[in-house]
Amino acid sequence: MLRAAAARCAGGAIRRLSVASYPAAAGVRRKPPLDEGDWSYYKEWWGEDDGPGDGAHTVFRRHSEHGNGVVSVVAYPASIPASDQWPVMERWLQERNLAIYPESSGADQFKILGYQWRVMRFNDHTRQSTAKVMACYRSGGDRALYSMQQPNCLAVPYVKSMVSAGLTALPSCSYDLPQAVSEPNTMKILCIGHGGGSIPLFLASKFRGADVHIVEIDPVVVSASVESMGFPASCAKGLSAHTMQPADGDELLWNGVHDRISLHVEDAEDFIAGDSNVYDLVFIDAYDGNDIFPRKLWDADGAFLRNLEEKVHPVHGTVVVNLHSDSRPSSPDVDDEAPFENVLPMGRYVSHVCRAYKRHFGLAFTVASPWLCNITLVACRDKAILKGVPVGRSHRDFVLSKLLSRSSMVEQALDLPFPCLQYVKNGFTLVE
């Protein structure tokens, strides 16, 4: 979730964050794919602080009984991919359809209808998540309308910060990340808090070995993601969402990616207490409609953290938490020439959360999200990440150097459309 005051931080942030802006690691030459979620497009979907704004239309609106108020999804036009690029996706859909229905002999034809930003809001003002959704139409014998979230498009900087920090910390703790990319059944991932589902879809699409479990307490949030944000309906366990997607939609559009995801509508504390999995990587983004991170998810003496500690791998297990800064920036506008220099001081509330996770996992660090008032907390096993530290060298410098040395490998292994190095080093602070 984006902090409600994020507009103050985003006011001047219009410069394109391109991969070319950053020097590549020595000896590395990689042409990354286009980043359709680059922050330069934020004005297409940001809207107004008190509502969707001009050019938007509401596609979902329902009251939550789990502290999120009114959950809505608002649609905005997306400028890319441009229409001259749509035939590539249409051909891919045609091939998928023929593989599933060989008897069709190409009689069914697919037409892209367009791409939209879909923004989930709580109580009309809190932007919970943002995703890009493609709509297409199948003509011929069995006509149908489909929608699909674009999994490679991470539109919000704090999401890129979480992904970058978590995926560089994992191999820094001796986890074999490339193996999880190419081999099945090798990576257990837990996501607490669902929103539109952008992080689990991104991870499931990148890691062939991913087994992703999502825990979301609010069935209305899950319904919003399935009905209006192109999230695959078959992933949701025990929920009957009123989706317009045809029965073959997930198989056609996701080509097995959806089989790597299980979405549980349940309280996170209860789920962790009864879960038998041991996770390699955990993401937590669980703010409610009042912009509150539930205390039970960071209470150092509570059942949740005690159980989570046992359910995270004892060597390389890594936990990533999205936090809203409880300090305001000194200026309402970000210097658009140096977006990664806007580092917020760590206030008392964030400090309490960080120390609680450090107590349970051994080591913790934070990085600041550019342009927004979000902080990414990463907690991992201290023995693994500090392995090999020279006598007399500061732990901060050693950990940061280790993370940065893994960044190019992560970018290449996953063919990332954005550079994770700058997200990892921005405002890097070792929790004391």
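A cavity is a set of grid points where a 1.4 Å probe fits but cannot get out. In this predicted model, one cavity of 30 Å³ or more is present.

**Figure 1. Overview of the chain.** The predicted model contains 13 helices and 14 strands. Of the 432 residues in the chain, 58% are buried. Among contacts with a separation of 6 or more, 73% join residues 24 or more positions apart. The accessible surface of the chain amounts to about 17,100 Å², and carbon and sulfur atoms account for 50% of this area.

**Figure 2. Close-up of the largest cavity.** Several elements each contribute at least two lining residues: the strands β4, β6 (187-192) and β10 (281-284), together with the helices α3 (157-172) and α5. Sorted by class, the lining of the largest cavity holds 13 nonpolar residues, nine polar residues and one charged residue.

**Figure 3. Close-up of the largest pocket.** The space within the largest pocket is about 620 Å³. A set of 22 residues lines this pocket, with E36, M89, Q150, P151 and N152 nearest its centre. The helices α2 (86-100), α5 (198-206) and α7 (249-254) each provide at least two residues of the lining. The largest share is that of α2, which supplies three residues. In terms of residue class, 14 members of the lining are nonpolar, five are polar and three are charged.

**Figure 4. Close-up of the second largest pocket.** A volume of about 460 Å³ is found for the second largest pocket. Its lining is formed by 25 residues, of which R118, L145, Y146, S147 and E227 are the closest to the centre. At least two lining residues come from each of the strands β3 (109-122), β4 (126-139) and β5 (144-149), and likewise from the helix α6 (219-228). With five residues, β3 gives the most to this lining. The class composition of the second largest pocket is 14 nonpolar, eight polar and three charged residues.

Definitions and conventions:
Residues numbered from 1 in each chain as written. Predicted model: local features only at pLDDT ≥ 70, side-chain atom pairs only at ≥ 80, totals over all residues. Heavy atoms only, no water. 1 Å grid on protein atoms, 1.4 Å probe; cavity = no way out; pocket = protein on both sides within 12 Å on 5 of 7 lines; lining within 4 Å. Points joined across faces, edges and corners; volume = space filled by probe spheres on them. Helix = DSSP H or I, 4+ residues; strand = E, 2+ residues; numbered from the N terminus. Nonpolar A, V, L, I, M, F, W, Y, C, P; charged D, E, K, R; others polar. Buried < 20%, exposed > 50% of the residue type's maximum accessible area, 1.4 Å probe, protein only. Contact = heavy atoms within 4.5 Å. Areas by Shrake-Rupley, 256 points an atom, 1.4 Å probe, with all protein chains shown as cover.
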